[in-house]
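Here are my notes for a first look at this structure. Please keep the model open as you read.

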Amino acid sequence: MRRSPPSLRLRLSADNLVAASGGCWSVLGERRAGSLLSASYGTFAMPGMVLFGRRWAIASDDLVFPGFFELVVRVLWWIGILTLYLMHRGKLDCAGGALLSSYLIVLMILLAVVICTVSAIMCVSMRGTICNPGPRKSMSKLLYIRLALFFPEMVWASLGAAWVADGVQCDRTVVNGIIATVVVSWIIIAATVVSIIIVFDPLGGKMAPYSSAGPSHLDSHDSSQLLNGLKTAATSVWETRIKLLCCCIGKDDHTRVAFSSTAELFSTYFSDTDLVPSDIAAGLALLHQQQDNIRNNQEPAQVVCHAPGSSQEADLDAELENCHHYMQFAAAAYGWPLYIYRNPLTGLCRIGGDCCRSRTTDYDLVGGDQLNCHFGSILHTTGLQYRDFIHVSFHDKVYELPFLVALDHRKESVVVAVRGTMSLQDVLTDLSAESEVLDVECEVQDRLAHKGISQAARYVYRRLINDGILSQAFSIAPEYRLVIVGHSLGGGAAALLATMLRAAYPQVRCYAFSPPRGLWSKALHEYSQSFIVSLVLGKDVIPRLSVTNLEDLKRRILRVVAHCNKPKYKILLHGLWYELFGGNPNNFPTELDGGDQEVLTQPLLGEQSLLTRWSPAYSFSSDSPLDSSPKYPPLYPPGRIIHLQEEGASGRFGCCSAAHYSAKWSHEAEFSKILIGPKMLTDHMPDILMRALDSVVSDRAACVSCPAQGVSGVDVA
């Protein structure tokens, strides 16, 4: 048995293992705590099951739902065979009928044994918790029995297929029934093989011996070599997976670098925990309820009302109007896919002619490449004419983003719009998350920035300057000012591009819609306050997404999973209900109240059993900062931030078009944690953001004369 360090054992008294009865917590007496200690550091300490001498990407408590599904299928199958045999056994007095009768009888016996085994697996899988698998210690034996039963099943299914193929001269109903049983047998066998492939962990053979090594050996030379070997192997495995997923992408130097960067990011993030996918799902469900519970228990925030004529409110209204206007360009940069998505009934009819029409003289006025169906959607989205566009490019490679340059006569500006994530190449750009020094002319000393987005911004910069695109635009409208916009990845690239161009164009402005948080250093964040405005909607995950925040999310998942003593299947069922239909988060508490909160700052044994190594980035205190890797330092969002928040409830998934929003200036610290909820992904969609902007701008315009009743002039202190 693995033993914890003495300092840990002192902290793991019964007083440290407390919880509220009826929820995820219960008061654990010394006997219960002792059993938890032995379970957490015993043979089954790690959630990932160890079978055949290797770890698998499935836990012993993951078999409740698969077991239930198989049990239902097997019972119905057994009833069907029994009915077939009892109703038609008199028709088996034919050539070969004795063989078929024997086949059905043996199959029913075999199915009965399988049903009993699956029932036992399902019952055992319901026991214990994620970090207390001790009650499930018999699972491995049951699985060995279950897997052994597949061999007689395969043999019997093969014999049944051979006997039917011999052309047995029996009643056609009986023969068809037996054919059906043979087909079902092979379907279940095939499904089992697919399931085994899915839960196969390529690193399982290396992880299994390490799982039993225990933390007390982490300082040894052999353990250091093992950890380095694990990390190297994990990086290689992730790189192979990414190459298979992106097999249709070219193999240039940028792509190879992006493959390596992404693989290293994934291996770094996932290699220090022993969580299977269902553990992460359970942790996210618990975090969402915990988050709502904390929010509901908070005291109402102090509301400060500003007079309608205050400079802060006037500035907010002006910038919201600018965001509302320039968001059209950021959306247009996505081309026809987003346009048809926003207009599913009429979009194709409106731009279909442009897809089929050959390049006209109007197109020749515009520089660029790979326009295809895109130009028609861009014209419809922006409301501009052909002659207003200087350059439109949909060239798309790793670190090379599509963009457009247009003359906006309404705002008297030259607009550069950079497209957001739309392809696998863009995803690789997103995931190249190392930091590099940004080459810009400014007085800022700390100029670290996201490598992938920085490279993409540098590509657009070279095109704009070296190809003379901006020079051409300002030769037509020299009095206009430069405005750079983008959504998501495009928003981050737009912010970096504006910073690169500021020395040559001091009046440049940038509007970044839903940009990633992990963009650049704190110093560049503060430097950009004067010329960049970011817009964030609701719980959008991307403006909260950075390597540091992901480490924090991983830490919170480990804590909430380790501190919950509900079985995983109950967590998932309750979480699914909560996500779909809502409910009271107090009915399933995930944190202690009052003085018991201090207990959570102690490193419980369950948390440490989820770590495959002592990660330097892992902190047991819920409020302590995470130590950052030099390759992934803390990064921040661009510029000043306008936060749009939904007022009231409009449905769990934002499907109601009558939602109303408030707007306020927010500090970047408000986006320092990833929030869990159904809208964390939908709030990032550009069409949802455009609807929210439409709503908040119209509401604020309508409430100019009645600030006390609406959303104008309200900030939260």
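1. Start with helix α18. This is a predicted model. The buried residues of α18 are covered by elements including β5 (389-393), β6 (403-408), β7 (413-418), α17 (451-466), β10 (481-487) and α19.

2. Which residues of α18 (residues 469-476) are buried? They are I469, L470, A473 and F474. Viewed down the axis of α18, the buried residues keep within an arc of 120°, so they line one face of the helix. The general rule behind such a pattern is that an α-helix has 3.6 residues a turn, so residues three or four places apart point the same way.

3. The face directed away from its buried side holds the exposed residues S471, S475 and I476.

4. Helix α19 (residues 489-501) is mostly covered, with 13 of its 13 residues buried. Its span also checks out. At 1.5 Å a residue, the 13 residues of α19 should span 18 Å, and the end C-alpha atoms are 18 Å apart, which agrees.

5. Next, the largest nonpolar core, which has 44 residues. V414, L464, L482, I484 and L497 touch the most other members. At least two residues of this core come from each of β6, β7, α17, α18, β10, α19 and α20 (522-527). Which element gives the largest share? It is α19, with nine residues.

6. Setting aside neighbours within four places in sequence, I484 contacts V416, A494, L497, A498, L501, V508, R509, C510 and Y511. Another core, of 43 residues, lies apart from the largest one. Its members include L338, F389, M690 and V696.

7. On the annotation: an unreviewed UniProt entry places the feature "transmembrane region" at residues 34-52, 64-88, 100-122, 143-165 and 177-200. Two of these spans can be set against the model. Residues 64-88 are 100% helix and 0% strand, and their end C-alpha atoms are 36 Å apart. Residues 100-122 are 100% helix and 0% strand as well, with end C-alpha atoms 32 Å apart.

8. Last, where is N565? N565 sits in the loop between α21 (547-562) and α22 (568-581). N565 and C131 are 434 residues apart in sequence. In space, the C-alpha atoms of N565 and C131 are 8.3 Å apart.

Methods. Residues are numbered from 1 along each chain as its sequence is written. This is a predicted model: local features need pLDDT of at least 70, side-chain atom pairs count only at pLDDT 80 or more; totals for chains, interfaces and linings use all residues. Side-chain values use heavy atoms; hydrogens and water are left out. Helices (H or I, at least four residues) and strands (E, at least two) are DSSP runs, numbered from the N terminus. The expected span of a helix is 1.5 Å times one less than its number of residues. Buried means under 20% relative accessible area, exposed over 50%, partly exposed in between (1.4 Å probe, protein chains only). The arc is that of the directions from the helix axis to the C-beta atoms. Contact means heavy atoms within 4.5 Å. A nonpolar core is a set of buried Ala, Val, Leu, Ile, Met, Phe, Trp, Tyr and Cys residues joined through side-chain atoms within 4.5 Å. UniProt positions are given in the numbering used here, feature names are shortened, and annotations may be inferred rather than shown by experiment.
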